[in-house]
Every structure is written in C-alpha cells, then in structure tokens.
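Subject: Structure handover

Dear colleague,

Here is the structure I said I would pass on.

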Amino acid sequence: MRKYRWIFPIAVGILLLAGVGFWGYGQMVSRQAAETALNNKYNLAFYNLLNNVQNMEVMLSKSLVGEETHQDSQLFMRLWQESLAAQSNLGQIPVTEASVARTIKFLNQLGAYSQSLAAQTAGGSSKNDDQWQTLNKLYKQAQTLNGELRNVESSLSSGTLTLSELKRDSRYVLRRAGPQLANSNFQVIDRNMQQYPTLIYDGPFSDHIARKTPVGLEGSQVSSDQARDISLKFIERRPNTTYIANVAGTVNGRLPVYRVDISPRPAQNGEKITMGVSSRGGKVVWMLNSRSPGTAALKVREAGDIAGRFLEDRGFKDMESTYYEVRDAVAVFNYAATQGKIILYPDQIKVTVSLDNGQVVGYDAANYWMAHRARTLPQPRLTAAEARAKLSPRLEDVTPGRLALIPKTVDNEVLAYEFQGRLDKDVFLVYIDALTGEEVKLLKVIKTNNGVLTM
Amino acid sequence: MYLRRAIKTFLIIGALLVSGMVIWRGGEALGQSTVLYWGSSGPEVTKVQALLNRWGYYTGPVDGYYSGKTFKAVQDFQRKNGLAPDGVVGPNTWASLGLPAVRQSAYGTYSSGASRGASDRDSVNLLARVIEGEAADESYAGKVAVGAVILNRTQSGAFPSSIAGVIFQPSAFESVSNGQYTRPVSDESLRAAQAAISGFDPTNGAIFFWNPYKPVNAWIWSRQVLTQIGRHIFAR
C-alpha cells in the first residue's frame with residue numbers, strides 16, 4: 001500500500017497541468033480575438049486615412065481650376081473637414097509621433113489654410129494669385145503623401161506587413177514604406193495585388209442615384225418563361241454550343257427582375273452566365289459572366305468596337321461612348337444615351353469586354369432603365385462661347401464645349417455645357433449651367449498607364 | 001524516500017510547465033527575423049504560408065501552424081531557390097521570400113515614389129478580401145452580390161460612408177471579426193470586387209445578407225427580403 005503513495009502527487013501534478021493548459025488555451029483564444037479586433041481598428045483608421053488624403057488631393061487639384069467663389073468655398077469647407085478627419089485617423093494608427101510629425105504638420109497647415117480660404121471665398125472675394133500658388137504647393141505635397149500611403153497599403157494588402165507589426169517597431173513606420181516597395185522582390189509578390197490604376201472620376205455621374213421608380217421600363221409583366229426566352233436571345237452565342245437557361249429566382253426591390261442562370265454546354269473555364277430580366281417590360285437589366293479571362297490579346301479600341309456593336313445589335317441606337325477603364329484583362333466601357341446632340345449622362349450602360357477573346361462578360365443597364373425616357377429639354381440661354389468665358393483662365397486646351405444633361409440631385413437634372421481643359425498634366429471636366437451660367441460641377445479625369453481616357 | 005520522490009516529481013512537472021509556457025509565448029515577441037521550423041506558430045508562419053500558397057508551393061490551410069505540409073513547401077521553395085533544403089526558415093530563406101531580416105540596409109535608398117493620381121485599388125483589395133471571407137464558396141453572382149451589399153451600405157444613411165468604415169464596423173462581418181478575411185484572395189473574388197465597384201448590383205439595393213442555415217438574430221427576418229443567391233439571403 002505504502003509503495004503506491006507516490007502516485008498521488010503525480011495525479012495532482014497532472015490535474016494541475018491540465019488545469020493550467022485549459023486556462024492557457026482560453027487565454028490564447030481571447031488574446032487572438034483581441035488582437036484581431038485591434039488590428040481591425042488599425043486597419044479602419046488606416047484605410048479611412050487613405051481615403052481622406054486621396055479626397056484631399058483631388059479637391060486641392062480642383063481648387064486650382066475652380067472659378068466660382070461659392071463653389072470654392074464649399075470645396076474649402078470640405079477640405080478642412082477632410083484634414084480634420086485625416087488627423088484623427090492618423091492619430092489612431094499605432095506609430096510614434098516622431099515618424100508622422102511631418103504629416104501631422106502638413107494636415108494642420110492644410111486645415112487651417114482651407115478654413116481661412118473658406119471664410120474668404122464665402123465672403124465673396126475669390127482667391128488671389130499667391131493663394132493659388134500656395135494651393136498648388138499643397139497639392140504637390142498631398143500627392144506625395146498619397147503616394148507614400150499607397151505604398152504602405154500595397155504591403156498591407158499583400159500580407160507582408162500587418163499594422164500590429166507596425167506597433168512593434170514603430171520607429172520605422174511610414175518611413176519604411178518607400179524602401180520596401182523599392183525592393184525588387186516585392187514587385188513579384190502578388191500578381192493579383194498589382195496596381196489597378198483606374199479612374200475615380202467622381203462620375204461622370206456613374207454612381208447609383210436612388211430613384212424611386214424606374215421610368216425607363218414600360219409594358220406589361222412578363223412570365224418567367226418569357227424571361228428565359230428573352231435571356232437566351234440576349235446572349236452572344238458560340239458555334240456548336242447549346243445554352244440552357246433556368247429561372248433561378250426573383251429579385252424584389254426598386255427594379256424587380258427574374259434572375260436567370262444560363263449554362264453553356266460545353267462550358268469554357270467554368271463559364272456561367274447570370275442575368276437579371278425585368279419583370280416589367282422584359283428588359284435585360286444586367287448580365288454577369290463568371291468566366292476568368294486569359295491574357296489580354298485585343299487592343300482597347302477593338303474591344304470598344306465590340307461593345308458598340310453589342311449594344312447596336314440589341315436595339316440601342318444613339319448611344320455614345322463616354323469613357324472606359326481597363327482592369328486586368330477586361331475593359332469596361334461606359335455609354336450614355338443621346339437626344340439630338342445632347343448627351344444624357346443619367347442614362348448609362350456599362351459593357352465589360354474580355355480582352356482575351358472579345359467576349360462581352362458584363363452588362364449593366366440598371367441606370368439606363370431607371371432613368372431613360374424622352375425628355376423635353378429646355379432651350380439654353382447661353383451660347384457655348386458665353387459659357388466658356390466663365391472658365392478659369394488657367395485652363396489650357398479647352399474644348400469647344402457641348403451640351404450635356406447631368407444629374408444634380410436625385411430628381412433634378414441640369415442642362416449644362418461640358419468643357420474639357422488641362423492644367424499642367426491634370427485634365428478636368430467643367431460643367432457650366434446652360435441657363436444660369438453657374439459652374440455646376442467640376443470633375444477631374446485621372447489618366448493612368450492603362451490608358452483611361454474620356455472618349 | 002517518499003518525500004524525495006514527491007519533490008522530484010513536482011520539480012519535473014514544474015520545469016515542464018515553465019518550458020511549455022516559454023515555448024508557447026516565445027514566437028510572438030520576436031520580429032520577422034525569427035527562425036521558423038516544424039512546430040512554430042504565429043503570424044510569421046501565416047505570412048510564409050500565404051506567400052508560398054500564392055507562389056504555388058503550398059496547398060494546405062493558411063492557419064499559422066508550421067506543420068508537415070508547410071515543412072515540405074518550404075523545402076520545395078528552398079530547392080527551387082538554391083538553398084539548403086532543411087525546411088527551416090532562416091535568414092537566407094526569409095531573404096529569398098522577399099522579406100530580408102535586416103531592414104536597415106534599405107534606408108539609404110529611400111525615395112518618395114509618389115504615384116501620381118488617385119486610384120481605387122485599395123477599395124478593390126479590401127472588398128475582395130471580405131468577399132473571399134464571406135462568400136468563397138458562392139457563385140460569381142453570389143460574390144458580386146456580397147460586394148454590392150457593402151457598397152450599398154456606404155450609400156445608406158444607417159452605415160458608415162466609406163468602404164473601410166463599413167467593413168471594419170465591429171461585428172458587421174464574421175470573417176472580419178475572426179480575422180478570416182486576411183486569407184489570400186482568389187481571382188474570382190477579385191473580379192467580383194471589381195464588378196461590384198463598377199456598379200453591378202444583383203441584389204437590387206440590399207444592405208443585409210445572411211445565411212439562413214446558420215443561427216441568426218430573429219430581428220433580421222423583419223427586413224424586406226429581396227432575393228436569395230446560393231446560401232445567402234439578401235434584404236434591405
């Protein structure tokens with residue numbers, strides 16, 4: 001009996017060990033959860049900061065072109081707000097003050113300066129030449145800052161850097177981002193995460209504007225069988241392929257549609273087509289093709305011709321190509337309807353063409369069917385030349401100007417003259433109200449290596 | 001006799017405990033120059049796994065645990081890159097992975113490298129990660145739909161107005177709360193994110209989605225259901 005006494009301490013020890021292990025596991029799980037939550041907070045602050053700085057850059061460049069004082073004053077108010085928001089977001093990122101002192105100073109200056117300019121322009125006196133020069137300088141600095149942040153972002157999104165790691169050796173922080181990208185290894189890390197130079201062009205008026213009812217759709221309700229036939233007529237067909245369509249369900253809401261799934265037999269690269277066919281009037285509202293595009297072989301111009309033909313074949317006359325963007329191996333073309341010679345920006349269709357074989361892999365006409373109708377447009381009270389005189393004298397290579405209908409608020413459309421002009425390397429679109437001569441909208445066109453341009 | 005044995009046993013158990021704790025916590029305090037080997041765990045391992053996965057060496061889960069599969073993948077990588085295939089991620093392997101342990105060397109070459117103009121690449125990447133986390137097994141249309149919900153939220157008054165704000169809103173997306181969204185992004189998710197950003201919305205303006213086969217808050221069913229795509233119900 002006495003011999004086995006030693007078993008007790010071992011049993012107690014094992015129990016203890018199990019207890020500690022259990023406790024430790026719980027600790028580990030909660031620590032990981034806490035770390036993830038913290039990391040998400042850092043990420044939020046960082047991405048918001050990125051957004052702020054980007055907005056600041058675009059607004060600063062617009063301020064160089066704007067002429068109208070009350071437009072300017074709004075712009076400066078927003079700049080001031082953005083710089084405040086940027087400061088608060090920067091403050092939440094785990095970096096030492098020393099490494100971001102320069103950035104904070106810049107944000108402070110910019111905020112104070114735009115505040116004073118906002119007050120000045122709200123009082124009716126426009127900015128003078130010195131102030132313009134200062135703005136130009138601030139714009140260049142904002143560009144640099146934006147570039148630096150973007151470098152950090154690419155390390156973040158490719159997973160070579162996490163923000164909680166920044167905390168560990170925060171001395172290096174933003175200063176480190178430049179050299180990291182300069183490292184040639186870094187460039188091959190992830191093809192998927194490569195730069196997508198695209199256009200944020202706060203438009204032209206491409207955001208969804210929440211209309212209440214679609215005014216473009218007329219006619220009676222279609223049945224699901226009819227919707228299936230409509231979808232089969234709409235697609236591009238490959239020879240020797242059968243297409244099987246199924247109504248997969250309905251989508252309620254503002255623009256009710258049948259969702260139709262189409263599978264081609266034989267399929268290419270797991271190709272599957274999904275389509276929305278409006279239950280009223282039976283129009284195809286959108287189409288998505290899941291095929292993964294191969295390497296680009298087509299020129300953008302050729303793809304543009306395909307997109308144009310695609311629309312023509314489906315009964316869209318008088319559509320005009322407004323701009324395009326290239327993303328990886330697809331090109332997205334924007335078309336707007338025209339009436340007379342006036343371009344109607346609210347009535348938009350987007351056609352996505354795959355650049356490997358020219359197949360149309362995406363089609364989005366939701367905006368078109370929400371807005372399109374025959375409109376009675378007002379007679380312009382200004383001539384193009386009169387409107388042009390309202391532009392900033394600093395703009396160069398200004399186009400002669402054309403009439404365009406642009407959305408201002410949800411149900412308010414404005415007839416305006418559209419001018420394209422250049423300041424340094426930046427291209428702008430300026431819209432002057434054709435009735436009142438007011439500057440209603442100022443857009444910046446962002447061109448990139450992938451040749452995004454307004455057509 | 002008995003006392004001695006008991007003390008000995010306690011000492012052994014104690015030593016085991018202490019060394020266990022040390023091993024456990026050891027990984028996290030160190031930086032990137034850590035040497036990783038079979039049995040290591042932590043964010044550094046995740047990083048290596050993610051890289052090797054992208055380059056096609058590693059097919060297992062990116063879970064931060066250095067297991068046999070990771071070991072093999074590292075060996076393959078080392079062979080391809082002319083390193084000794086010991087399956088240990090040391091300074092040389094780190095360097096070949098594009099993450100040199102010595103960071104100081106790069107400071108001299110600092111350049112501002114300002115990329116001109118704005119882009120929405122950051123939004124596309126963020127969105128693609130959440131789509132991958134929430135809808136990796138869904139169809140292409142189902143992925144675009146999840147992206148569209150996030151974008152619709154930015155337009156809705158009831159949610160933050162930036163994409164990052166919506167995504168990192170506390171407990172808005174399960175995959176973000178549990179860190180799943182840092183997984184490598186598939187090509188399809190990336191294309192879906194691009195489609196959603198360029199305006200596709202197969203949901204007709206949904207701002208909620210959920211999986212009805214999982215326990216969800218009963219309140220959510222009071223929303224107007226718009227449609228179901230795959231395993232997700234979309235509502236506003």
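The notes below cover how to read the model, then chain B, then chain A.

The model is predicted: local features need pLDDT of at least 70, side-chain atom pairs count only at pLDDT 80 or more, and totals for chains, interfaces and linings use all residues. Residues are numbered from 1 along each chain as its sequence is written, while chains are lettered from A and ligands numbered from 1 in the order in which they are written.

Chain B

Chain B has 9 helices and 3 strands. Here helices (H or I, at least four residues) and strands (E, at least two) are DSSP runs, numbered from the N terminus. Read from the N terminus, the order of elements in chain B is α-α-α-α-α-α-α-α-α-β-β-β. Of the 236 residues in chain B, 43% are buried. A residue is buried if 20 or more other C-beta atoms lie within 10 Å of its own, exposed if 12 or fewer, and partly exposed in between, with C-beta atoms placed from the backbone.

Helix 6 (residues 140-155) of chain B packs against helix 9 (residues 187-197) of chain B at an angle of about 50°, and the axes are 8 Å apart. Axes are lines fitted to C-alpha atoms, for helices over the stretch in contact, and angles run from 0 to 180 degrees between N-to-C directions. Helix 6 of chain B and helix 9 of chain B are therefore oblique to each other; angles under 35 degrees count as roughly parallel, over 145 as roughly antiparallel, 65 to 115 as roughly perpendicular and the rest as oblique. The residues that helix 6 of chain B brings to the contact include Val144(B), Ala148(B) and Leu151(B), and those from helix 9 of chain B include Ala192(B), Ala196(B) and Ile197(B). Two residues are in contact if their C-beta atoms, placed from the backbone, lie within 7 Å.

The 3 strands of chain B form an open sheet in the order 1-3-2, with antiparallel pairing. Strand 1 (208-210) and strand 2 (225-229) of chain B are at the edges with a single partner strand each, so one side of each has no neighbour in the sheet. Two strands pair if DSSP finds at least two bridges between them. Strand 1 of chain B pairs with strand 3 (residues 232-235) of chain B over 3 bridges, and Phe208(B) stands opposite Ala235(B).

Chain A

Strand 11 (residues 426-433) and strand 12 of chain A are antiparallel partners over 6 bridges. Leu429(A) is opposite Leu443(A) in strand 12 of chain A. The hairpin of these two strands has 5 residues between them, and Gly437(A) there takes a positive phi near 80°. Strand 12 (residues 439-445) of chain A has 5 of its 7 residues buried, so it is largely enclosed by the rest of the structure.

Some backbone details are also listed. Arg265(A) and Pro266(A) are joined by a cis peptide bond, with omega about -5°. Pro266(A) sits in the loop between strand 2 (257-265) and strand 3 (273-278) of chain A.

Asp318(A), a residue other than glycine, has a positive phi near 55°. Asp318(A) is exposed, with 12 other C-beta atoms within 10 Å. Asp397(A) is not a glycine either, and has a positive phi of about 50°. Asp397(A) lies in the loop between helix 11 (384-388) and strand 9 (402-409) of chain A, and counts as exposed with 9 C-beta neighbours inside 10 Å.

Regards
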